[in-house]
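Subject: Structure handover

Hello,

Here is the structure for your files. My notes come after it.

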Amino acid sequence: MSLENSQLPSPLGRGVGGKGYKMSSDAMKKRAAEAALQYVEENTVIGVGTGSTVNYFIDALVRLKYPIEGAVSSSSMTTERLKACRIPVLDLNGAGPLPLYVDGADEVDRHLRMIKGGGGALTREKIAAAASEKFICIADQSKLVDVLGAFPLPVEVIPMARSYVGRELLKRGGQPVLRENFITDNGNLILDVYNLHILEPAQLEAEWNNIPGIVTVGLFAQRPADVLLLGTADGVQTIRL
Ligand code: 5RP
């Protein structure tokens with residue numbers, strides 16, 4: 001793992017923006033998102049994730065000085081925004097391997113393993129990430145954690161398996177809570193699993209993926225990000241595997 005700073009770090013101040021940071025988390029998300037533009041190459045297809053940080057990335061794409069072929073979207077929400085920005089939305093099946101995937105995270109550790117799915121798009125996000133050569137995670141500094149699990153782990157579940165999967169997750173020490181009034185783009189449910197302290201993320205991802213009825217576990221550890229662009233009050237920190 002290597003770590004670079006685009007600006008020298010300084011102690012974080014307290015002030016506006018909540019969570020004790022001297023800059024709002026939205027401004028830090030925007031910084032990270034705009035820094036991801038440097039990885040976008042001319043006339044290529046980009047995989048685009050979902051969420052408020054990614055929305056800043058889509059807005060920044062519009063200001064690129066050169067054309068891109070289009071984007072593969074990870075959700076209906078992202079598709080709408082891409083279309084509103086007149087960026088062609090392409091089907092992954094026709095696009096082939098993607099050179100680049102850009103997405104946010106709910107939590108990320110220093111090994112660039114992530115919890116994702118706060119927006120409920122985890123399954124398509126995981127497919128797009130798997131189909132991409134480079135995965136750039138963009139996030140504000142509040143997302144960086146030592147151990148994954150304080151953020152409830154989203155798990156996408158086939159509706160008929162909801163209760164069975166819930167019992168299985170309880171046996172494994174989690175506290176699954178059904179996400180109210182939410183259906184994924186794939187017609188499934190989300191269980192948000194509390195009470196986790198995930199010391200072996202890749203192992204847990206593999207084990208839970210094997211429970212019948214689970215479509216996707218929102219742990220991205222078997223395929224972590226390649227680069228993390230972390231927006232901070234002092235600039236953008238780049239962490240590479
Ligand atoms: C959506 C996701 C998002 O990347 C994650 O929820 C972070 O969102 P935001 O950028 O709004 O903080 O996984 O399914």
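The notes below cover the helix packing and then the ligand site.

This is a predicted model, in which local features need pLDDT of at least 70 and side-chain atom pairs count only at pLDDT 80 or more, while totals for chains, interfaces and linings use all residues. Residues are numbered from 1 along each chain as its sequence is written, and side-chain values use heavy atoms, with hydrogens and water left out.

Helix packing

Helices are DSSP runs of H or I with at least four residues, numbered from the N terminus. Axes are lines fitted to C-alpha atoms over the stretch in contact, and angles run from 0 to 180 degrees between N-to-C directions.

Helix α1 (residues 25-35) packs on helix α2 (residues 52-61) at an angle of about 50°, and their axes are 8 Å apart. That makes α1 oblique to α2 (angles under 35 degrees count as roughly parallel, over 145 as roughly antiparallel, 65 to 115 as roughly perpendicular, and the rest as oblique). In the contact (heavy atoms within 4.5 Å), D26, K29, K30, A33 and E34 of α1 meet S52, T53, Y56, F57 and A60 of α2. By class, this contact of α1 with α2 has four nonpolar, two polar and four charged residues.

For α2 and helix α3 (residues 76-84), the angle is about 20° and the axes are 10 Å apart. The two helices α2 and α3 are therefore roughly parallel to each other. Here N55, I58 and D59 from α2 meet T78, R81 and L82 from α3. The contact of α2 with α3 divides into two nonpolar, two polar and two charged residues.

Ligand site

The ligand is surrounded by 17 residues, the closest being S52, T53, D106, G117 and K143 (a heavy atom within 4 Å). A side-chain N or O atom of K29 is 3.1 Å from an oxygen atom of the ligand. A polar backbone atom of G104 lies 3.3 Å from a ligand oxygen atom, and for a backbone N or O atom of G120 the distance to an oxygen atom of the ligand is 3.5 Å.

Regards

Technical notes: Nonpolar A, V, L, I, M, F, W, Y, C, P; charged D, E, K, R; others polar. Polar contact = N/O pair within 3.5 Å; in protein donor to acceptor, adjacent residues only side chain to side chain.
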